[in-house]
Structures are given as C-alpha cells and as structure tokens.
Amino acid sequence: MKEKYRLTVFSDSHGSSAAMLEAIELHRRDTDCFIFLGDGCREAIPLFEDFDVTYQAVPGNCDMFTGGMPESLTLDLGAARIFICHGHRYGVKGSLGMLESAARERGADIALFGHTHLRLERYLPPEDGQRPLWLFNPGSISLPREGRPSYGIVDIARSGDRLDVLLSHAEI
C-alpha cells in the first residue's frame, strides 16, 4: 500500500482545454492520478488518454452524453479515501452541508468538488467521534468567478494513524 499520493484536480473547463493541457504537461511526471470534477468531460478525458496518465472523472451538470459515467466516486487510495463529485447534486452553491454528509457517509477523508467556479479549501476537525474531513474545490480551469484560471494539487501522506493532507491551488 502506497503511503504518499499526489492528485492534480481540475473542474469546469467548459469546452476550453488549453490551460488543462498545459497543466497536464507540467504535472504528468509528479502526479499519481488526475481528477476531473465535471463540466468538460468531452475535452478532459481525451487529453488524459492522449497523455496516457491515470485519471478519474465524474460528469457535471453541463456534461451531455457521458456514457453512463457515475455522478460520484469514492476512491480508496489506501492512504486516504476520497469522495469526488461535481457538486451540483449536493447544493454546493448554497451550503456545503449535504456534501459533508455525503462524504462522511462514504467514510471519506477528503471531498473534491467543483460547480461553483470558486476556489475553496476547508478543514473540518474531528468531533463527536467523526474523523476529520477536508473539503476542496480547485476553482475553474477556464472560467473562474474570481482571479485567474486555477486547478488543485492534493498531497496526501499517511504514517500509521496520522493523515497529512496539503491542499493547494495553482494558476495557469
């Protein structure tokens, strides 16, 4: 079981692949898995396949003809469990409560979501016997609501019972 992982996370490309192409080229050697959080699967998946990199993707509310892709996934990396979704089904534009509940129901350590086109990283400390939970939105790789186009880097390290998670945003 691997104890360190790096994920590169994209969301909301909405038909524009130039920035994502640049970021994949930049990180293809230091990333264990690329994650796409929807609204642009039509361009994201062929890019990942052209680069022959490991990836996971979920569709967003603007993705059509997704060939039966699941709307959310739970990835068990060994070091951590990751819940990924676009976010529209969990009302993330209004509150993160439904997303938090869904992630906790799945035993996730980290929840990755998009949809808002806004960057977010939030740590929810353990309480009432629950494990800590990290919430992360990479923003939009092409149409940010604030600032420049962005994507996310998630570094995960486990040592025994200790889980260290570093969430960071990058710009193109």
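How many nonpolar, polar and charged residues are there in the lining of the largest pocket? The legends below, which describe close-up views of a predicted model, begin with that site.

**View 1. Lining of the largest pocket.** By class, six nonpolar, four polar and four charged residues make up the lining. The lining comprises 14 residues in total. C41, R42, C62, D63 and M64 lie nearest the centre of the pocket. The space within the largest pocket comes to about 210 Å³.

View 2. Helix α3 spans residues 97-105. Within this helix, L99, A102, A103 and R104 are buried. An α-helix has 3.6 residues a turn, so residues three or four places apart point the same way. The elements that cover the buried residues of α3 include the strands β5 (81-85), β6 (110-112), β7 (119-124) and β8 (133-138). After α3 comes G107, which has a positive phi, near 70°.

**View 3. Aromatic pairs.** A pair of aromatic rings is described by the distance of the centres and the angle of the planes. Seven aromatic pairs are counted in the model. One of them is formed by F48 and Y55, whose rings are stacked, with 5.2 Å from centre to centre and 25° between the planes. F48 is buried, because its relative accessible area of 0% falls under 20%. Y55, by contrast, has a relative accessible area of 24% and is partly exposed. The rings of F83 and Y90 have planes at 85° and centres 5.8 Å apart, so this pair is edge-to-face. F83 and Y90 are both buried.

**View 4. The aromatic cluster.** F10, F34, F48, Y55 and Y151 are linked into a cluster by ring pairs. The cluster thus includes F48 and Y55, the partners of the stacked pair.

**View 5. Salt bridge between E25 and R28.** Side chains of opposite charge can pair when their charged atoms come close. Ten salt bridges are found in a search of the whole structure. In the one between E25 and R28, the closest N and O atoms are 3.5 Å apart. E25 counts as partly exposed, at 37% relative accessibility. R28 is likewise partly exposed, with a value of 29%.

**View 6. Salt bridge between E71 and R89.** The closest N and O atoms of E71 and R89 are 2.7 Å apart in this salt bridge. E71 lies in the loop between β3 (55-57) and β4 (72-76), and R89 in the loop between β5 and α3, so the pair ties together parts that are 18 residues apart in sequence. The relative accessibility of E71 is 38%, and this residue counts as partly exposed. R89 counts as exposed, because its relative accessibility of 53% is over 50%.

**View 7. Salt bridge between R119 and E171.** R119 and E171 form a salt bridge in which the closest N and O atoms are 2.6 Å apart. Distant parts of the chain are linked by this pair, as R119 belongs to strand β7 and E171 to strand β10 (residues 162-171), 52 residues apart. R119 is partly exposed, at a relative accessible area of 34%. E171 is also partly exposed, and its relative accessible area is 42%.

Methods. Residues are numbered from 1 along each chain as its sequence is written. This is a predicted model: local features need pLDDT of at least 70, side-chain atom pairs count only at pLDDT 80 or more; totals for chains, interfaces and linings use all residues. Side-chain values use heavy atoms; hydrogens and water are left out. Buried means under 20% relative accessible area, exposed over 50%, partly exposed in between (1.4 Å probe, protein chains only). Helices (H or I, at least four residues) and strands (E, at least two) are DSSP runs, numbered from the N terminus. Contact means heavy atoms within 4.5 Å. Rings of Phe, Tyr and Trp (its six-membered ring) pair if their centres lie within 6.5 Å; planes under 30 degrees apart count as stacked, over 60 as edge-to-face and the rest as tilted. A salt bridge is a side-chain nitrogen of Lys or Arg within 4 Å of a carboxyl oxygen of Asp or Glu. On a 1 Å grid over the protein atoms alone, a cavity is a set of points where a 1.4 Å probe fits but cannot get out, and a pocket is an open set with protein on both sides within 12 Å along at least five of seven lines; lining residues have an atom within 4 Å of a point. Grid points are joined across faces, edges and corners, and a volume is the space filled by probe spheres set on the points. Ala, Val, Leu, Ile, Met, Phe, Trp, Tyr, Cys and Pro count as nonpolar, Asp, Glu, Lys and Arg as charged, and the others, Gly among them, as polar.
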